[in-house]
Amino acid sequence: MMTLRPTHILYAAALLGLVLLPQLITVKYYLHLSVLALVWVIAAQGQNLIQGYTGYVSIVQAGFMGIGAYSTTLMGLHFGLPVWLTILLAPFVTALFALFAGYPSLRVKGHYFAIVTLAFNLVIFIVLMHATDLTQGEAGISGIPKPGRDGGWLDFADRETYYYFVLIIAVAMTALAALIVRSRIGQTLIAIRQNETLVGAIGIAAWKYKLFAFVTSAMYAGLAGALYAHYQSFINPEIFGLAQSLDAILAVIIGGSGTILGPVIGAFVVVFLPEYLRFADSFRLILYGLLLVLATIFMPRGIVGVVGQLWTRATGKAMR
């Protein structure tokens, strides 16, 4: 019989809040931001698998989002495949690229791995920018269709409908991440983060588990990119650059690295916080960067870690 824990109550409250959110929002622009935040929840959950649980900081998540976005778009435009099928195929196309990129990348550790993945992100960005015959370059591709058919019983052109569509997928991918973490594979990933040398010493092929985490992380990003493309109906390379990969990293750090709920909170922070700082106009990005630096210094375990500490002080028991 499963014991009800404080974290279960927290997850249920978060899910209820997300379900009710469109009914509470009065400004439609905030609903638009909420859809983008849910897309980033998926990308951040993938980032958390390689960064939070395996201990390898990857700076290529936005690049993989770009591969997912362009693959679903091009498969629909050039091969006439249905939108639902291209969305399903996009993560697997991204996984193929991640497999070829991950095998040589994971031969190095620490900041060397981060530098290699950063280089991959730049390569992806340059290819998307200059392969104009395929990607239309900086001009981008417009008119990307929404899921479903015109006149269908669900109108995916409606923001609220698309919000719930992405919410269902985000919840499913978060649940999948939780299952992975609680499995033997997940426990091995955590062991690699804590002491990779010891993992290798007891006969476990750590590189296989690291490659699994890297490819799975890329699949999450590819799915997020596909959902983004069909929501915005327009993509260009600028939205899959280095700054967006850093946003994925920050979402994990701010929310709580190595936690399931952390990337959810962090994704909403990195999407909404810059918007709330618009009052500062030209100083907005400076304030945003300063707040992120302070949060990283004074909240090393993220928002989830702070809540856990407050719970422990209040009840004398650790939140599990």
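Predicted model: local features only at pLDDT ≥ 70, side-chain atom pairs only at ≥ 80, totals over all residues.
Trainee: How do I read the packing of two helices, say α10 and α11?

Mentor: Two packed helices are described by the angle between their axes and the distance between those axes. In this model, α10 covers residues 242-255 and α11 covers residues 262-276. Their axes are 7 Å apart, at an angle of about 120°. That angle makes α10 oblique to α11.

Trainee: And what is the handedness of the crossing of α10 and α11?

Mentor: The crossing is right-handed.

Trainee: Which residues in α10 and α11 meet?

Mentor: From α10 you have D247, L250, A251, I254 and G255. On the α11 side they meet G262, P263, I265, G266, A267, V269 and V270. Sorted by class, the residues of this contact are 8 nonpolar, 3 polar and 1 charged.

Trainee: Okay, on to pockets. How much space lies in the second largest pocket?

Mentor: Rolling a probe the size of a water molecule over the atoms shows where empty space is left. Here, the second largest pocket holds about 650 Å³. It is lined by 24 residues, and L36, W40, Q244, D247 and V270 are the closest to its centre. Look again at D247 and V270: they also belong to the contact of α10 with α11.

Trainee: Which elements give two or more residues to that lining?

Mentor: They are α2 (28-53), α9 (206-232), α10, α11 and α12 (284-298). The most comes from α2, with 6 residues.

Trainee: What does the lining of the second largest pocket have, by class?

Mentor: Count 17 nonpolar, 3 polar and 4 charged residues there.

Technical notes: Residues numbered from 1 in each chain as written. Heavy atoms only, no water. Axes fitted to C-alpha atoms, helices over the stretch in contact; angles between N-to-C directions. Helix = DSSP H or I, 4+ residues; strand = E, 2+ residues; numbered from the N terminus. Parallel < 35°, antiparallel > 145°, perpendicular 65-115°, else oblique. Left-handed = near helix turned anticlockwise from the far one by under 90°. Contact = heavy atoms within 4.5 Å. Nonpolar A, V, L, I, M, F, W, Y, C, P; charged D, E, K, R; others polar. 1 Å grid on protein atoms, 1.4 Å probe; cavity = no way out; pocket = protein on both sides within 12 Å on 5 of 7 lines; lining within 4 Å. Points joined across faces, edges and corners; volume = space filled by probe spheres on them.
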